[in-house]
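I opened my notebook for a first look at this structure. Here is what I looked up, entry by entry.

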Amino acid sequence: MRSRFFDDLLGAAEADPNIVFVTGDIGFGVVDELQRKCPGQFVNAGVAEQNMTGLAAGIALAGARVFTYSIANFPTLRCLEQIRNDVAYHHADVIVVAVGGGLSYGALGMSHHATEDLAIMRAIPGLAVAAPGDAAETSAVMADLVANGGPAYLRLGKAGEPIVHRAPIQLCRGESIALRTGGDIVLFSTGAILESALRAADLLAQAGVRADVRSFPWLDPLDLVAINDAAHRYPTIVTVEEHSVIGGLGSAVAEILAEMPHSASLIRVALPPRFSSLVGDQEYLRGAHGLDPASITHRVLEQMEVNRGLASQVR
Amino acid sequence: MTSDDLARAVRRHVLRMTNSGRSSHVGSALSCADLLAVLYAEILDIDPAHPDKPDRDRFIMSKGHAGAALYAVLAETGFFDTRLLAQHYRNGSFLSGHVSHVGIPGVEFSTGSLGHGLPVGAGLAWQARRMRKTWLTYVLLGDGECDEGSVWESAMFAAHHRLTNLVALVDWNGLQSMATTEETLALEPFADKWRSFGWEVDEIDGHDHAQIRKAVQPGQERPKVVLARTVKGKGVSFMENQVLWHYRPPDDLELAGAMSEVAP
């Protein structure tokens with residue numbers, strides 16, 4: 001996902017001298033080509049995210065389209081007010097890019113777990129929020145960001161995630177993507193956990209539950225039509241995200257369902273709202289926190305069982 | 001209008017605005033009135049008839065709590081009707097206590113949270129140089145604002161990139177919201193700090209228009225900072241150098257006394 005981002009950014013920067021990349025001293029070995037081919041469009045702001053983001057707002061207000069870049073929480077939480085006041089309030093054409101969404105940098109520890117970013121970015125008015133599910137979705141989102149600009153937040157995973165979409169995809173801003181259709185329930189996924197959601201759907205099928213899968217590379221704008229449609233079509237919607245259960249995709253969907261007179265029941269699969277001090281790589285931590293395919297499947301089946309019991313009590 | 005006339009007009013507006021709006025920061029607004037007056041009367045290449053003209057100089061009021069002074073100078077120089085100043089701080093108005101650009105011609109950037117202006121100014125200057133534009137960026141900071149780490153992040157950046165098209169001014173009145181700067185979080189040796197960060201430093205009397213005029217010229221090889229020694233509450237004897245007037249608005253009696261000291 002990271003590699004695809006840089007490939008697309010390089011292509012866009014070469015085509016448009018108005019695109020500027022500002023890094024917070026992150027990208028050793030991966031930004032070299034951009035730096036070499038587009039030297040006037042690259043600046044390393046150093047380990048100073050507040051300045052990086054205010055700087056980006058200034059560069060944008062003077063006419064450029066600016067991408068800021070750093071790891072996990074550094075380009076978001078460290079300079080949250082610069083994003084809110086300088087970028088979003090001024091509609092500055094800045095795209096804040098975080099690499100290492102969720103537990104990508106698992107073993108680096110809690111400081112490097114970006115697990116509240118979607119909630120916090122989603123709360124800022126006027127800031128588009130994207131969390132693509134694989135390299136193909138990254139390209140689709142990047143095509144939009146390069147064409148239409150910021151203010152926006154782009155959450156990337158890491159390098160080398162599995163490719164889910166076999167062919168390139170095209171996407172309007174805010175559009176979600178159906179990967180499997182015709183089933184009994186639906187899994188909504190956002191970000192790089194998409195592949196696990198698909199594998200969970202396979203396991204659910206083995207257990208007799210046909211689960212559709214829909215990916216949400218955009219959290220803001222959110223595909224309200226798809227959510228509304230799903231709320232009528234399926235008795236159960238499951239959200240899957242590598243993010244705190246507070247404020248992410250699950251919350252966004254819950255907010256919509258709660259205001260509908262009749263809707264599907266919702267199962268939110270997400271990280272518990274607790275810091276993880278557990279050491280391990282992304283796969284290990286996903287498993288430990290119930291986000292591996294087997295745990296997702298187990299949680300869905302268990303909750304469906306509980307829901308059935310509750311329903312029969314009501315009758 | 002001469003810069004002296006403009007400074008007096010700004011001070012009179014600020015006193016009326018803080019009185020009628022029951023709004024705060026009158027001392028901060030009075031201390032930077034001369035800096036604003038010289039910039040807006042003589043230095044900035046701006047056009048009230050075309051506030052968004054692309055090659056204008058950029059001015060960022062980073063000490064956004066002195067918004068009343070910025071609104072006053074903009075109105076007096078023709079960006080909008082001075083009668084609108086009476087709306088300051090009122091329900092339904094656009095003229096908030098801290099600087100906001102929405103709906104107000106001439107306001108380059110919204111501030112109010114300290115430590116935001118210089119990074120943005122550095123970005124404007126960096127992009128201007130990249131695009132080979134000759135317009136300049138000016139940022140006015142408060143001295144207490146220099147407690148913010150982001151000020152020094154951008155100070156490092158601007159010096160590293162030798163942004164000679166960036167001029168920072170510090171309204172160095174020596175008082176912040178509770179006590180003196182030296183009692184709060186010592187700035188001294190302030191000029192040495194800026195020099196060691198790679199800036200060209202001018203230390204001036206921030207109420208002497210001739211000195212201001214000369215000092216705000218951009219640096220030759222490095223970004224310029226003008227450390228303007230000022231008096232908080234300048235122009236109104238009972239407000240001068242009093243921490244009390246950071247937050248307190250003048251009541252009607254105090255306004256009458258103050259206005260008699262700042263004759264038109």
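I started with Ser150(B), which I found in helix H6 of chain B (helices are DSSP runs of H or I of at least four residues, strands runs of E of at least two, numbered from the N terminus). Ser150(B) is buried, with a relative accessible area of 1% (buried means under 20%, with a 1.4 Å probe and protein chains only).

A note on the basis: this is a predicted model, where local features need pLDDT of at least 70 and side-chain atom pairs count only at 80 or more, while totals for chains, interfaces and linings use all residues. Residues are numbered from 1 along each chain, chains are lettered from A in the order written, and side-chain values use heavy atoms, without hydrogens and water.

Next I asked what Ser150(B) is in contact with, leaving aside neighbours within four places in sequence. I found Gln50(A), Gln82(A), Gly115(B) and Pro119(B) (contact means heavy atoms within 4.5 Å).

Then I looked at the whole contact: chain B gives 22 residues and chain A 28. In chain B, His116(B), Arg130(B) and Glu153(B) lose the most area to chain A, together 27% of what that side buries (buried area is the accessible area, 1.4 Å probe, that two parts lose on being put together, summed over both).

Last, I noted the predictor's scores for the complex: an ipTM of 0.96 and a pTM of 0.96.

Conventions: Buried < 20%, exposed > 50% of the residue type's maximum accessible area, 1.4 Å probe, protein only.
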